[in-house]
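Colleague: Hi! Could you walk me through this one?
Modeller: Happy to, here it comes.

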Amino acid sequence: TAMLGNKETEIIAIKGLLIQAKQDGDLSKAMFLAEKAVNLQPDADWAVSILIDLYKMTQTWDKAEKIIQKAVKLKVINPDEARRSMALISLARCNNMLDNGNTDEALKTARQSYKLLPGFSPIAINYANILLNANSKRKAAKVLEDCWKNEPHPDIADLYMGIYGNETAEKRLKYAERLLSLKPNHIDEIGRAHV
């Protein structure tokens, strides 16, 4: 604490106090210290990283997005990492909206998350589920097909085949073949789904 009074040691003191606050579980103190560290040294990647994590933990989404955008401009984090973080924040926001019954906003947020990171199966599955609840079966299938091309996953195949659960066995087989044709050699993932 005594080091806080000296400009040369202030950032070191803040880092030590910040680590202690995190270990003690005092998130508000940790956030205050991380914000102070970022204000003192905006390009300190350790401070930015901790602050982003704290904002995520406390669901302070707006501040998390702002610090990510600022960090990209300062080249503290790369654009791909920023896009992934923004997509995951949108996914978390979407889940909060669904929990609160705000389905229209959840759909917009799920779409935003999907646009940021379309090849990540949890985001595509979330968006497809919301589309299915909004009776957009064709669009949900397209989202799953597009994600399958990038990241074949059994959960994608399961949801995709579930869309066609009321179809005949012959039609279901055609849909399974269609999905497989988009990314051949991943029959195991489709095989786990209910074809």
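Modeller: E35 forms a salt bridge with K63 (a side-chain nitrogen of Lys or Arg within 4 Å of a carboxyl oxygen of Asp or Glu), and their closest N and O atoms are 3.8 Å apart. E35 sits in helix α2 and K63 in helix α4, so the pair ties together parts 28 residues apart in sequence. Helices here are DSSP runs (H or I, at least four residues), numbered from the N terminus. This is a predicted model: local features need pLDDT of at least 70, side-chain atom pairs count only at pLDDT 80 or more, and totals for chains, interfaces and linings use all residues. Residues are numbered from 1 along each chain as its sequence is written, and side-chain values use heavy atoms, leaving out hydrogens and water.

Colleague: How many salt bridges does the structure hold?
Modeller: The structure holds ten. In another, the side chains of E145 and R178 meet at 3.0 Å, N to O. E145 is in helix α8 and R178 in helix α10, 33 residues apart.

Colleague: Is E145 buried or exposed?
Modeller: E145 is buried, at 8% relative accessibility. Buried means under 20% relative accessible area, exposed over 50%, partly exposed in between (1.4 Å probe, protein chains only). R178 is partly exposed at 39%.

Colleague: New topic: at what angle do α1 and α2 pack?
Modeller: About 155 degrees, with their axes 8 Å apart; axes are lines fitted to C-alpha atoms over the stretch in contact, and angles run from 0 to 180 degrees between N-to-C directions. That makes α1 roughly antiparallel to α2, a word used for angles over 145 degrees.

Conventions
Helix = DSSP H or I, 4+ residues; strand = E, 2+ residues; numbered from the N terminus. Parallel < 35°, antiparallel > 145°, perpendicular 65-115°, else oblique.
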